[in-house]
Amino acid sequence: MRNITELDMYLFGQSTHYDIYKKMGAHVMTVGKQTGVMFDVWAPHAEKVWVIGSFNGWDEDSHEMERLEPDEMGIYELFVPEAGLGDMYKFLIQTQEGEFLYKADPFANYAELRPNNASIVTDITNFKWTDNSWLESRKKTDPYENPMAIYEVHIGSWMRHPGREDEGFYTYREVAKSLTEYVKEMGYTHVELMGILEYPFDGSWGYQVTGYYAPTSRYGTPEDFAYLINYLHRNKIGVILDWVPAHFPRDAYGLADFDGCPLYEYPDPKMGEHPDWGTKIFNYGKSEVKNFLIGSALLWIEHYHVDGLRVDAVASMLYLDYGKRDGEWVANKYGSNENLEAIEFFKHINTVITGRNHGAVMIAEESTAWPKVTGKVEDDGLNFSLKWNMGWMHDFLDYMKQDPLFRKGNHNKMTFAMSYNESEKYILVLSHDEVVHLKCSMLNKMPGLGQDKFRNLMAGYAFFIGHPGKKLLFMGQDFGQEREWSEERELDWFLLADDNHKQLHNYFKKLLHIYRKYPSMYELDHSWEGFEWINANDGDRSIFSFVRKSKDGSKNLLFVCNFTPMEREDYRVGVPVKGTYRLILNSDEAQYGGSGKKKPIQYKAIEAECDNRDYSFAYPLPPYGVAIFEYSNPNVK
């Protein structure tokens with residue numbers, strides 16, 4: 001029996017075999033009356049291919065694979081009755097020059113724990129999913145009009161078991177319970193998992209992938225990984241995975257020069273190599289390579305039920321000269337620096353993923369001003385669902401690092417992002433990249449000493465949560481991790497025994513619960529209809545005031561944020577409408593480390609001009625004070 005049919009080959013050659021992961025690789029099946037493993041590998045430049053493994057004592061001569069017709073496709077296949085679940089294997093490839101390469105399976109669903117690198121035969125179809133209600137709800141969900149507060153997590157350094165001889169990693173099943181409890185308590189809506197696709201070097205954090213179809217064995221089996229996703233979904237927590245189609249490492253057992261020639265990468269080193277990263281660039285113009293990547297994405301979305309992929313290093317794919325000097329890159333046919341093949345790839349994959357999986361999202365980590373990243377294909381956009389707002393992040397951190405006395409000269413850094421907010425559908429990100437490589441943790445970026453750092457960060461977090469855009473925060477930053485993040489150790493959870501850290505933690509939890517409770521915080525994220533500055537120009541006092549508006553005019557929120565240690569007892573804020581404004585968050589409460597001075601809950605706007613508004617009310621604004629008020633607009637129906 002032939003596993004890969006001519007139709008399979010045709011679709012693979014058109015980059016439209018969306019179930020390719022069910023065909024390529026190693027699959028347990030019964031042929032005739034024999035049960036064994038069917039092996040398939042794409043190696044068109046190979047002279048010969050064998051499959052070797054624990055089932056044959058790694059005998060290099062016993063199991064030569066057959067090259068299927070049509071010959072030019074270059075797919076090799078062999079059914080091995082002696083092989084079964086749990087067997088380790090590799091492909092032994094004889095190149096046209098007579099060299100022998102020992103390659104892991106590009107389509108493998110499971111791999112040995114590093115530093116070993118053989119592929120492992122497994123069956124990923126046995127897990128009994130029980131998250132159907134989540135998936136059905138997702139189909140009916142508009143991600144733009146719903147809350148998205150993402151907790152970015154690296155499993156290996158979130159928590160560890162102490163005192164063990166190994167790294168003490170939590171398994172996928174162990175982390176399921178602990179992580180779910182934490183996320184639910186805090187009020188996050190999603191987790192974004194770093195470093196899930198199999199990779200060889202811990203220090204790459206998972207951004208140099210060797211197994212695009214395999215969850216890393218560091219934390220367990222593919223079935224264990226499915227358990228984690230299922231458990232999170234059963235607890236109404238969405239899951240996003242980091243996915244890296246931009247480049248891959250040169251490891252000898254991996255994709256590089258897979259069959260003795262450039263296969264997955266561009267053949268011209270000026271196209272196929274990142275000089276700064278020392279990695280290979282996928283050939284986005286080759287149909288089979290595009291299908292390999294699209295099939296990987298669909299495996300995670302459709303088989304493992306994840307709710308979205310955050311696509312890493314999009315800019316490096318879009319620009320032919322990314323990270324390269326003159327003479328190190330090749331222009332496109334029009335003489336410019338856009339990678340036309342990568343553009344077409346994005347349009348294809350984003351349309352397929354979101355078209356087949358309503359409610360799932362494709363997120364671009366794109367650091368330039370490339371137009372229409374989240375624009376529709378019909379309008380020549382790339383069709384991503386959301387884009388990381390790297391510009392907002394840089395401006396926000398530049399402002400927050402300033403001594404409060406000098407913030408007035410940088411006031412526009414906090415307001416600039418609203419001038420382009422409608423150009424894309426954004427996620428505001430404070431990610432792992434901002435708390436490594438001597439950049440300091442979020443807390444230690446703040447100016448001042450002691451409690452001043454905490455008060456600064458609390459004001460910044462309120463602005464972060466209140467500003468339009470979905471949210472992402474890296475683990476540890478919600479309780480004020482002091483040390484930079486390292487993949488080699490767990491977070492400093494012991495800090496929660498300190499009052500300052502616990503108060504910050506409570507405060508951020510309150511912000512998240514406000515975010516989820518009030519539709520005004522998320523349902524009009526990408527429109528000026530959902531946001532209005534009250535005063536964007538109070539640079540001399542470094543105070544920002546703005547409102548977030550709901551569609552029906554009820555339960556709007558007014559934010560007032562003071563970014564200096566100056567108390568403003570006589571502070572008056574203009575308001576959009578006459579009525580009562582109810583205080584729902586006061587950062588000066590004792591539970592958040594403030595003075596604990598009692599303040600009224602309700603404030604009645606009077607007819608007194610302020611901030612170019614007819615109505616206003618007075619509120620004593622403490623040092624680094626944040627106040628959030630709820631109000632309704634009776635004029636909106």
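In what order do the four strands of the open sheet stand? They run E1-E2-E5-E4, with antiparallel pairing, where a strand is a DSSP run of E of at least two residues, a helix is a run of H or I of at least four, both numbered from the N terminus, and two strands pair if DSSP finds at least two bridges between them.

Before selecting anything, note that this is a predicted model, in which local features need pLDDT of at least 70 and side-chain atom pairs count only at pLDDT 80 or more, while totals for chains, interfaces and linings use all residues. Residues are numbered from 1 along each chain as its sequence is written, and side-chain values use heavy atoms, leaving out hydrogens and water.

Select 25–31 and 66–67 next: these are strands E1 and E4, which stand at the edges with a single partner strand each, so one side of each is left without a neighbour in the sheet. Then select residues 34–42 and 75–80, where E2 and E5 pair in the antiparallel sense over six bridges, and find Val-37 opposite Val-80 in E5.

Of its 25 lining residues, Trp-277, Asp-312, Glu-365, His-432 and Asp-433 are the closest to its centre, and helices H8 (314–318) and H10 (390–401) are the elements that give two or more residues to the lining.

Finally, select residues 132–139, helix H2, which gives three residues, the largest share, to the lining of the second largest pocket.

Note on methods: On a 1 Å grid over the protein atoms alone, a cavity is a set of points where a 1.4 Å probe fits but cannot get out, and a pocket is an open set with protein on both sides within 12 Å along at least five of seven lines; lining residues have an atom within 4 Å of a point.
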